Amino acid sequence: MFKNLIIYRMAKDWASTADAMQDALETERFTPCGATQALSAGWVPPRGEPGAPLLENIDGHWLLSLCIEKRLLPSSVVRDRVAEMADAIERESGRRPGKKQQRDLKEQAVIELLPRAFTRQSLLRVWIAPALGLLMVDAPSIGKADDVITLLVRAASSINMHLLQTAESPAACMAAWLMDGVPPADFVLDRDCEVKAADEMKAAVRYARHNLDIDELKGHLTAGKMPTRLAMTWKERVSFTLTDALTVKGIEFLDIVFDGRTKPAKDEAFDVDAAIATGELAQLIPALIEGLGGELDFIGQSTKIAAEHAPAAQSGEAVL
């Protein structure tokens, strides 16, 4: 269900209910691109079924899905059309269009070509964990996640959050774990990592499916290179890659998570997958943050993730 997670801390003074959030999302429900519209984004049912709610509340965890549709209009096609239009003007007037007119022709070409362009859709999931006071976006980069947050705030203007920061930098912690071979409790280091120099050359060395307890890697760390990615496993249940930007990538649930579980019926698959994913990750994320020295709040103090919101989560209501 989730492949990547970018973690945000919800403001403590934000208050909402699942029903209120559902109503807010309705104002930004997804509609496909119009004929001359290059991009459209809006909220769709996480369950993937027409008419289903825009917010799914699974065991107190709120799941949302943002759909982004783009019209695929290659720049080469636009350039060719602009050239055709410029040639036609030159034949008629005897003069080649200047830079300003070329810009106008480009805008005209885009409007003309967009209705014939193919569209492509992508989905980005949002997970709000009221009991933890956290919001997580399944996005490949912080930039993409911030775009999702912008659209969420546009729908629910009262929502407030910031990227979660830890007391210790992920890069420094990963370097220490690699040097002494001792990761936080319940975590093990896997066989993939990347280290990069901090100078202008940004020289990088990547190890893939490789033993990381080697002098060569420690030499790179001693020489000043810092880890940017490190593969890890939590409790032999979930594998992932931690980055120096505190993003969790390549999430994979291991076989032990599914041991003893029967394959759910088709109409139950979403609920089961969501319950497994949120149940496991709601334990992993706090443990990882604790392993990074705890959370750093805006006044620079290290804190643990509070669980005082748990009663609100059980009732489907968040007071964050």
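Here are some notes on the predicted model above, taken point by point.

1. **Ground rules.** Residue numbers start from 1 along each chain as its sequence is written, and side-chain values use heavy atoms, with hydrogens and water left out. Because this is a predicted model, local features need pLDDT of at least 70 and side-chain atom pairs count only at pLDDT 80 or more, while totals for chains, interfaces and linings use all residues.

2. **Domains.** The protein splits into domain 1 (4–72 + 118–163), domain 2 (75–115) and domain 3 (170–260 + 269–292); the bounds come from an automatic or database domain assignment. Taken over C-alpha atoms, the centres of domain 2 and domain 3 are 51 Å apart.

3. **Cysteines.** Counting a disulfide as a pair of cysteine sulfur atoms within 2.5 Å, you get zero disulfides here. C33 is in none, and its nearest cysteine sulfur, that of C67, is 9.1 Å away. Seen from C67, the closest cysteine sulfur is the one in C33, and that is too far for a bond. For accessibility, buried means under 20% relative accessible area, exposed over 50%, and partly exposed in between (1.4 Å probe, protein chains only). C33 is buried at 10%, and C67 is buried at 4%.

4. **Salt bridges overall.** The count is 13 salt bridges, each being a side-chain nitrogen of Lys or Arg within 4 Å of a carboxyl oxygen of Asp or Glu.

5. **R154 and E28.** These two side chains form a salt bridge at 3.2 Å, N to O. It links distant parts of the chain: R154 is in helix α4 (residues 142–155), E28 is in the loop between α1 (18–26) and β3 (39–44), and they are 126 residues apart. Helices (H or I, at least four residues) and strands (E, at least two) are DSSP runs, numbered from the N terminus. R154 is exposed, with a relative accessible area of 51%.

6. **R81 and E112.** Here the salt bridge is 2.8 Å, N to O. R81 sits in helix α2 (residues 75–93) and E112 in helix α3 (residues 99–113), so the pair ties together parts 31 residues apart in sequence. R81 is partly exposed at 24%, and E112 is partly exposed at 30%.

7. E90 pairs with R96 in a salt bridge, with the closest N and O atoms 2.9 Å apart. Elsewhere, salt bridges that share partners join R81, E84, E112 and R116 into one network.

8. **S239.** You'll find S239 in strand β13 (residues 238–243), and it is buried at 14% relative accessibility. With contact meaning heavy atoms within 4.5 Å, S239 touches residues including D190, M232 and T233, not counting those up to four places away in sequence.
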